[in-house]
Structure formats: C-alpha cells, structure tokens
Amino acid sequence: MEAARVNGPARVTIREVAEVAGVSIATVSRVLNGRGDVAPETREAVSRVIREHGYTANRSARSLSAGRTGLVGVLVPLVYPVYFSSILSGAAEALHEHDLRLLLSPTDFEHEREVTLLDRLMHGLTDGALIVLPRESSEELAQLLHEGYRFVVVDPLEPLDERIPSVSAAHTSGADQAMKHLLGLGHRRIAAVTGPNGWVATEDRRRGYHAALAAAGILPDPELVLEADFEIAGGRRAADTLLDLAEPPTAIFAFNDNLAIGAIQAARSRGLRVPYDLSVVGFDDIEHATIVTPTLTTVRQPLAEMGRTAVSLLMRLLEGQRFETLRVELATRLVVRESTAPPRDL
C-alpha cells in the first residue's frame with residue numbers, strides 16, 4: 001500500500017485499511033461512521049491506520065471513477081416473512097462491507113412488476129442486482145445477461161439456463177437428512193406435503209424423499225404425497241387429508257416450516273399428540289420453528305449466508321473475474337427438536 005502511494009496518486013481503499021488494521025471492512029465502516037459498537041483498542045488501531053495512510057471516504061468520486069452507481073438492486077417477493085428477511089439481512093451486511101448500498105424492490109410475486117422493476121434497475125440506476133425467487137423465465141433472465149446486466153439469482157423458482165449465476169441451498173441432501181432421521185426412528189409410513197409442482201425446491205426435496213425411501217427398501221405410496229402452497233393453511237388442509245386415510249402416516253415430512261406448523265395444528269385439532277401420535281419434520285428453520293409447540297425438527301437453510309454469498313458472486317461478476325462455476329449450493333443441516341419420536345407401535 002505504501003508503494004502505491006509513493007509511486008502515484010492511487011487512493012487507499014477501505015479494504016486496504018481493513019487488511020492493514022487486521023479487521024473486517026464492516027469494522028472500518030463502523031469506525032468511520034462513529035458507531036459505538038467497536039472496542040476502544042480496535043477503534044484506535046483502525047484510526048491509526050486511517051491517519052497514517054490518508055484514507056478518506058469519498059464514495060461519489062470512487063463510484064464515478066469506476067463508472068459505478070454504488071447501488072445494488074435487490075428484488076424480493078415480500079419483505080416481512082422471516083425467510084425473505086433473513087436473506088435480505090445477509091445481503092445487506094455483505095453490501096455494507098463492500099461499501100455499497102441496497103436498493104430494495106419488492107415484487108409481490110408479480111411477473112409484470114418484476115419485469116418493470118428490473119428494466120428500471122438495469123438502465124443506470126444500479127450496478128447489478130440480486131433476484132430472489134424470480135418469476136421471470138430462464139429465457140427472460142438470459143436476455144438480461146445478453147444485454148450486459150449483471151445479476152445473481154437467489155433460490156431459483158424454476159430451473160435456470162447454465163449461464164445464469166445462482167445461489168441456493170442443498171435441497172436434496174436436506175430432504176435426505178430429514179427422511180433418514182424419520183426412518184432411523186422406525187417410521188415406515190412417511191407422508192410428504194410438498195410445495196408447488198415444478199419449483200426447484202419442491203422437485204429437489206422430492207428427489208431426496210424418494211431416494212431415502214428407496215434406500216430403505218420402501219415403495220413410495222402416491223396417496224401419501226400431497227401438493228400444497230408453502231403456507232400454514234395449506235399444510236393444515238394436506239395433513240387433514242392424510243390423517244383421514246384408512247391407514248394414516250405415522251410421520252409427515254413437510255417441505256417447509258409453514259406446512260409443518262399447519263400439520264401440527266391439524267393433528268392437535270383431532271386430539272393427536274405430536275410427536276407421540278404423529279412425528280412432523282419441516283424445512284427452512286425459520287424463527288417460528290422454535291416458537292411452535294412442540295418445537296419443530298427441521299432442516300436448516302443458511303438463509304443469511306445465501307444473501308452474503310450472492311453478493312460475493314455478484315462482486316466477482318462486476319469485477320470481470322473468472323470462476324469455475326456460476327452455481328453455488330450451500331449445505332443444509334437437520335436440527336432435531338421435539339416434534340419427532342419413534343412411532344407408537346415400536
């Protein structure tokens with residue numbers, strides 16, 4: 001860094017200050033902004049590096065010299081549900097560390113609204129975008145790439161062209177973990193309440209469900225697999241249908257936590273006890289999983305990490321870096337709580 005200053009007028013960056021001080025970019029930013037959540041010794045170390053190397057925060061000059069706006073668009077269906085807010089929090093934190101700002105654009109799951117917002121974002125408003133659960137087709141997204149706009153899809157809704165960069169969770173292995181847990185407890189009649197057919201998450205989790213049954217030598221029973229809409233009411237309706245069967249399941253693997261909570265409600269309304277009469281497993285590990293009674297056994301998706309990873313991938317795209325794959329799949333992990341137990345007849 002010193003050599004750069006001696007040999008020319010190159011500006012010292014916030015990343016270089018962080019490296020010399022031995023702290024994160026976020027910590028340097030907190031010091032610059034006068035935040036109180038920094039230890040005194042750390043604040044002094046960062047301030048010393050800033051004084052010695054002459055760093056000044058000039059975002060507008062840096063953005064103009066690089067031909068950048070300093071803004072990244074984030075298109076998300078909804079802001080409030082914990083699933084989306086967790087992804088947003090990770091993305092916002094990572095953008096802050098890169099000295100960038102987030103331009104939030106809720107789409108309300110509307111295709112035309114998403115198309116309109118993306119058109120505005122790509123024409124001078126932002127440097128790039130993160131698109132969560134896009135309603136646009138793979139062909140529409142590929143056209144954006146062709147026009148030179150840089151973006152990363154987070155949790156693809158439908159299968160994507162291999163040229164489209166994306167970050168998702170390992171749905172299939174997560175489903176496999178959930179099923180092996182239930183099978184290990186002794187369950188053999190295990191129902192699945194899926195999400196909408198054709199969605200990437202649904203089909204990947206369905207593959208894990210069927211693969212685990214096959215590995216255990218159990219033939220799938222079509223009447224034990226019901227489609228729902230990823231909402232609590234949908235889980236309740238599906239569970240009611242399953243529990244009305246002449247031979248109801250002893251366990252339900254719900255493809256998200258909302259569906260699992262709905263299944264627990266349906267069981268309770270019939271006087272069934274979870275997990276003694278029915279075991280239930282969810283997927284996502286949103287905050288509600290620890291609030292519901294009994295607490296929910298579920299597969300944890302690294303939602304905040306998905307947001308952070310998407311920002312990292314987008315930064316590499318904006319900087320023109322080459323990398324081996326445009327598809328990043330983050331590991332999932334089963335979290336065992338109170339909603340699962342061996343079936344009653346064991």
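The model is predicted. The protein chain has 346 residues, of which 50% count as buried. Its secondary structure consists of 13 helices and twelve strands.

**Overall dimensions and surface**

- Taken along the principal axes, the C-alpha atoms of the protein chain fill a box of roughly 80 × 50 × 35 Å.
- The accessible surface of the protein chain amounts to about 16200 Å², and 52% of this surface belongs to carbon and sulfur atoms.
- Among the contacts in the protein chain with a separation of 6 or more, 69% are accounted for by residues 24 or more positions apart.

**Helix 6 and helix 13**

- Helix 6 spans residues 82–97 and helix 13 spans residues 303–318; their axes come within 7 Å and cross at roughly 40 degrees.
- The two helices are therefore oblique to each other, since an angle under 35 degrees would be needed to count as roughly parallel.
- The crossing of helix 6 and helix 13 is right-handed.
- On the side of helix 6, the contact is made by Y83, S86, I87, S89, G90, A91, E93, A94 and L95.
- Helix 13 contributes L303, A304, M306, G307, R308 and V311 to this contact.
- Sorted by class, the contact of helix 6 with helix 13 comprises nine nonpolar, four polar and two charged residues.

**Helix 2 and helix 4**

- The axes of helix 2 (residues 14–21) and helix 4 (residues 40–53) come within 9 Å, with a crossing angle of roughly 125 degrees.
- Helix 2 and helix 4 are therefore oblique to each other, since roughly perpendicular covers 65 to 115 degrees and roughly antiparallel begins over 145.
- The crossing of helix 2 and helix 4 is right-handed.
- Helix 2 meets helix 4 through V17, V20 and A21, and the partners in helix 4 are V46, V49, I50 and H53.
- Six residues of the contact of helix 2 with helix 4 are nonpolar and one is polar, while no charged residue takes part.

- T194 is found in strand 6, which covers residues 190–194.
- The relative accessibility of T194 is 1%, so T194 counts as buried.
- With neighbours within four places in sequence left aside, the contacts of T194 are T202, R206, V225, L226, E227, A228, F255 and L259.
- I252 is located in strand 8, which covers residues 251–254.
- I252 has a relative accessibility of 0% and therefore counts as buried.
- Leaving aside neighbours within four places in sequence, I252 is in contact with A191, V193, A239, L242, A263, L278, S279, V280 and V281.
- I252 and R188 are 64 residues apart along the chain, and their C-alpha atoms are separated by 11 Å.

**A residue in a helix: S173**

- S173 has its place in helix 9, which covers residues 171–185.
- S173 has a relative accessible area of 36% and is therefore partly exposed, as that class lies between the limits of 20% for buried and 50% for exposed.
- A distance of 32 Å separates the C-alpha atoms of S173 and V72, which are 101 residues apart along the chain.

Notes:
Residues are numbered from 1 along each chain as its sequence is written. This is a predicted model: local features need pLDDT of at least 70, side-chain atom pairs count only at pLDDT 80 or more; totals for chains, interfaces and linings use all residues. Side-chain values use heavy atoms; hydrogens and water are left out. Axes are lines fitted to C-alpha atoms, for helices over the stretch in contact, and angles run from 0 to 180 degrees between N-to-C directions. Helices (H or I, at least four residues) and strands (E, at least two) are DSSP runs, numbered from the N terminus. A crossing is left-handed if the near helix is turned anticlockwise from the far one by less than a right angle, and right-handed if clockwise. Contact means heavy atoms within 4.5 Å. Ala, Val, Leu, Ile, Met, Phe, Trp, Tyr, Cys and Pro count as nonpolar, Asp, Glu, Lys and Arg as charged, and the others, Gly among them, as polar. Buried means under 20% relative accessible area, exposed over 50%, partly exposed in between (1.4 Å probe, protein chains only). Accessible areas come from the Shrake-Rupley method with a 1.4 Å probe; for residues, only the protein chains shown count as cover.
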